[in-house]
Amino acid sequence: MSEKNAVKLLHIDTSIKATGSLSREMSAAAVERLKREAPDIAVHYRDLAAHPLGDITGRVFAAHAKGADVSDFDPAERSDLAESGRVLEEFMASDVIVIGVGFYNFSVPSSLKAWLDRILVAGKTFSYTASGVVGLAGGKRVIVLLARGGLYGEGSPNARHEHAETYLTSIFSVIGVENLEVIVADGVDISPELRAAAVERAMGSIEALAA
Ligand SMILES: Cc1cc2nc3c(=O)[nH]c(=O)nc-3n(C[C@H](O)[C@H](O)[C@H](O)COP(=O)(O)O)c2cc1C
């Protein structure tokens, strides 16, 4: 396959831990797994914890999403607008997106929310129609590697507090990704034994990922 036609993979990490992060370990393993089947896959990496986007402001959002006037923007706003544009372009250009996610306070890291605020753009990744919202990014494959300290699986007493897998499934469906692939390591901070078993299961699922 020529470089031009190579599958483009966007690898994103969000854990605030520079070392010892399980979601980083899992996302790296998933990328390696996919690369093994398709060695010429083109990987672009973005670390949202090391290079946070920050909360998007109303003015930057209006310019990013609707092309509003930027003539009175200060340098910080211009820089954020340019970076927001790069983030959206990177996503649009990718065929596969692999996201490492740490489960923080029942949900996703705020850096990932800030990234999503740049990706969910009407007219680009979804559109409003008379019959409701239609996703425009349905051709993409999105794989989430989620590490949760406690146990939040279906049927567990904490399941009602799970707002990461459920949130990401909802938000990606808005842009047309209906079959989000989520691999979870659950209960990893409860005991070394539970962690080892959860990691082994997750790594098995990563190994079993379709090419
Ligand atoms: C800021 C923060 C918030 C957390 N909140 C929760 C939580 O609400 N529930 C839970 O079970 N674990 C929680 N944890 C534990 C993480 O889910 C767990 O350590 C997981 O491995 C994080 O992924 P990471 O190692 O890639 O950062 C939290 C950890 C941090 C650092």
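Student: What should I know about the model before I start?
Tutor: It is a predicted model, in which local features need pLDDT of at least 70 and side-chain atom pairs count only at pLDDT 80 or more, while totals for chains, interfaces and linings use all residues. Residues are numbered from 1 along each chain as its sequence is written, and side-chain values use heavy atoms, with hydrogens and water left out.

Student: How many residues surround the ligand, and which are the closest?
Tutor: The ligand is surrounded by 18 residues, each having a heavy atom within 4 Å of it. The closest are S15, S23, F103, G150 and D189.

Student: And how does that shell divide?
Tutor: It holds eight nonpolar, seven polar and three charged residues. Here Ala, Val, Leu, Ile, Met, Phe, Trp, Tyr, Cys and Pro count as nonpolar, Asp, Glu, Lys and Arg as charged, and the others, Gly among them, as polar.

Student: Which polar backbone atom is 3.1 Å from a ligand oxygen?
Tutor: That atom belongs to L22. The pair is a polar contact, meaning N or O atoms within 3.5 Å. An N or O atom in the side chain of Y104 is 2.7 Å from an oxygen atom of the ligand, and a backbone N or O atom of G150 also lies 2.7 Å from a ligand oxygen.

Student: How much of the ligand does the protein bury?
Tutor: The protein buries 80% of the 610 Å² that the ligand exposes when taken alone; the areas come from the Shrake-Rupley method with a 1.4 Å probe.

Student: Changing topic: how many salt bridges are there in the whole structure?
Tutor: A search finds 17, a salt bridge being a side-chain nitrogen of Lys or Arg within 4 Å of a carboxyl oxygen of Asp or Glu. One of them joins E37 and R33, with the closest N and O atoms 2.9 Å apart.

Student: Where do E37 and R33 sit?
Tutor: Both are in helix α1 (residues 22-37), four residues apart, so about one helical turn separates them. Helices are DSSP runs of H or I with at least four residues, and strands are E runs of at least two. E37 is partly exposed at 44% relative accessible area, whereas R33 is buried at 10%; buried means under 20%, exposed over 50%, and partly exposed in between.

Student: Are D186 and R148 buried or exposed?
Tutor: Both are buried. Their side chains form a salt bridge of 2.8 Å, N to O. This pair links distant parts of the chain, 38 residues apart: D186 is in the loop between β7 (181-185) and α6 (192-207), and R148 in the loop between β6 (141-147) and α5 (165-174).

Student: Which residues form a salt-bridge network?
Tutor: R46, E83, R86 and E90 are linked in one.

How values were computed
Polar contact = N/O pair within 3.5 Å; in protein donor to acceptor, adjacent residues only side chain to side chain. Buried < 20%, exposed > 50% of the residue type's maximum accessible area, 1.4 Å probe, protein only.
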